[in-house]
Structure formats: structure tokens, C-alpha cells
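Subject: A structure for you to look at

Hello,

Here is the structure I promised to pass on to you. Have a look at it first, and then read my notes below.

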Amino acid sequence: MGNVVEIREQKPYSQQPAINPPHKNMVWIPGGTFLMGSDQHYPEEAPVHRTTVDGFWMDQYTVTNADFRRFVEATGYITIAERVPEAAAYPGALPHMLVAGSVVFRPPRHRVDLRNHFNWWAWVPGADWRHPEGPGSSLDSRWDHPVVHVAFQEVEAYAKWAGKELPTEAEWEFAARGGLEGAVYTWGDEFAPDGKMMANTWQGEFPIQNLLLDGYERTSPVGAFPHNGYGLYDMAGNVWEWTVDWFQSHHKPAGACCSGSVKNEVRETSYDPQTPDIRIPRKVLKGGSFLCAANYCLRYRPAARIPQQVDTGTCHQGFRCIVRVNATRDEGESVKASSI
Ligand SMILES: [Ca+2]
Ligand SMILES: [Cu+2]
């Protein structure tokens, strides 16, 4: 056994000082044991439990429209929102739903029943990552905003293309907490310290009154708000972020206010109880979005989580990537060993 291996065993990667980011705009998340979840908010976040994650590198920013354009230009990738759904895959779907499109937030003019999310979510033909609010909208002033309307498979494809991976829910939450044990928000326990807005959320009465105290009605440029203790931006608000974990809950998700799963709602109501195998699995989204408001969905917190069907992107869902060191550990060791 060579010296190199012995040194590695004495000093695990997660405790090593981080010096060489594998890509630009990535920071080292040291890993450790932390209190995951919350007992003070929504039932799906409970119970608080100790969780341990290894160290890893994480994108400081969510993937932007400019980043995603580079991926699409290099690979020719066509997202789910840009494809016409196959009728066979959506039995019972109305013909007008079988067009390329995605789910967009449309603020109602009057106070509405908060129990019915169709009051503000609309299936919009032609909505996709290049047209966040549908035909007529564009990315002209939004190349530095998070890409949205991305379903899980394109997020996975992007990560692979970039030589990165997607975080687990535990890795994401550990990183979001920025070293603050048990704090409500990624920056502490007070929503707006000294009146300062720390994230792009919704201020006012959702969904009819947006006071715009943070300056943004929809997405904001990545990095527009202060970073957390690990140098990560937008770990609260702006857009929900995909993780690789399948959603599980001991409780029925309370409303799933922000999931915006209009298209899949159609599929669910068309389910034949005899064929449960056509159900669409759901992953955990983290971080909350510009649509999260205290009166309805206080989810711009690291413990918050909602389920989302893997085939569905919306106007307030994006992602960021990580790089795990153990994935390259063996390679690094053999390189090191052979150079001795
Ligand atoms: Ca806002
Ligand atoms: Cu929300």
C-alpha cells in the first residue's frame, strides 16, 4: 500500500480545503451532519432529523438561459415543453391539450379560492424555455435569469453534458443552510433584516396583489440577492430547483400550491384505477420561487419541499448542478500513484 492511499484515508475529501474548483462559478460545500427538515412549518417537512452529507462542489448560480442555450446549441436538445405530447401517453386528454406547451402563472384579477390552483395556473400552448410566458414572450432581457420550463430529463441531460451531477435533497438542503444550524431562512431567522429583501419571493396577498418590494414580478437575474454562508445565490426564492430524490411524505402534501401540474392533473383524472402503472413519478423540488408568499406558501426556506412530476416544467422551476469528489477519487488516486 502506497503513501498516497494512507494519506487519503487519514484525511477524507470532505474535510480537505477546497482549492481547485472543477468548473468556474462553483464553490466547495464542506459536508457534515445537520438538522434536516422543520417541525414548525408544513407537515411534509417533519420530522427534523439528523442527516450527513459528504463534501461536494456546487454551482453558485442556477443554470441561466444563456447556459441552457449553449447546451441546446451543442446537443440539439428539444425539451418536453417543445414537443407535441403523444395521445397514447395521455389517455383521456382533451385534443386542445395535445400541443406543445407548458404551465404558466396567470395572476387572477379578483380574489379567488386558494384551494383551486387552476385559478392561477394556465396550460399555455407555445410556452417553453425560450418563451417563458408563451408566444410573444422572449428571453431578450433575461439571458442571465434562471432557465425555466425544464423537466427532469432535460435537467439530467444538461448535467451530463456539463460534466456535472444533480444534488440529492439532503445535499441541496445542507448547502442552502450555509452553515446556519436550524435557521428558518438561508440567511437567519428574520425574513427581512432591517427591511432588506434577501430573496425573490412574493410580497403581498397571493395571488392578486404583488407589492414587488423585492423589485421582481417574475424571475430575477441570478445573483441579484445576497449569497448565503457558502457563497451560493438564490437558494431561496426565484425558482424551485430539481433534486434527484423521489418525493415521499408521511403526510398528504398540503395543497402542493406551487407545483402547477396542470397537464398532469388531466392525466390523473384520466387514470384507470385498474392501470396504476401509468402514474408519473415525482421528484423533490427545493428552495421556493418568486410565487411563494407568506399568506399561502411560505416555502422560501431550506426545509421546504414540494413534489413535481418528472415530465413537467413550469415558469418557476429551474436547477443547478454539483460535482461529487468521490466520483473522481479513484481516477485521481491512480493518476497520483502512477506518477510516483
Ligand atoms: Ca418578487
Ligand atoms: Cu410556493
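How many helices and strands are there in the protein chain? There are six helices and 11 strands; helices (H or I, at least four residues) and strands (E, at least two) are DSSP runs, numbered from the N terminus. This is a predicted model, in which local features need pLDDT of at least 70 and side-chain atom pairs count only at pLDDT 80 or more, while totals for chains, interfaces and linings use all residues. Residues are numbered from 1 along each chain as its sequence is written, and chains are lettered from A and ligands numbered from 1 in the order in which they are written.

**The chain overall**

Of the 340 residues in the protein chain, 40% are buried. A residue is called buried if 20 or more other C-beta atoms lie within 10 Å of its own, exposed if 12 or fewer, and partly exposed in between, with C-beta atoms placed from the backbone. Two residues are in contact if their C-beta atoms, placed from the backbone, lie within 7 Å. Among contacts with a separation of 6 or more, 76% join residues 24 or more positions apart.

Four strands form an open sheet with mixed pairing, in the order 9-8-7-10. Two strands pair if DSSP finds at least two bridges between them. Strand 9 (305-309) and strand 10 (317-318) are the edge strands, each pairing on one side only.

- Strands 7 and 8 run antiparallel, with three bridges. Tryptophan 242 has leucine 285 as its bridge partner, and tryptophan 246 has lysine 283.
- Strands 8 and 9 run antiparallel, with five bridges; valine 284 stands opposite proline 307.

Is strand 8 enclosed or exposed? Five of its five residues are buried, so strand 8 is largely enclosed by the rest of the structure. Arg282, Val284 and Lys286 point one way from this strand, and Lys283 and Leu285 the other way. Strand 7 is mostly covered, with five of its seven residues buried.

**Helix 3 and its buried face**

Which residues of helix 3 (residues 152-161) are buried? They are Phe152, Glu154, Val155, Tyr158 and Ala159. Just after helix 3, glycine 163 takes a positive phi of about 75 degrees.

The largest nonpolar core has 60 residues, and Met58, Val150, Val155 and Ala175 have the most contacts inside it. Such a core is a set of buried Ala, Val, Leu, Ile, Met, Phe, Trp, Tyr and Cys residues joined through C-beta atoms within 7 Å. Elements that each supply at least two residues of this core include helix 3, helix 4, strand 7 and strand 8.

Not counting residues up to four places away in sequence, alanine 175 touches Ile29, Met58, Tyr230, Leu232 and Met235. Alanine 170, in helix 4 (residues 169-177), is partly exposed, with 15 other C-beta atoms within 10 Å. Alanine 170 and valine 53 are 117 residues apart in sequence and 7.0 Å apart in space, C-alpha to C-alpha.

Happy exploring!
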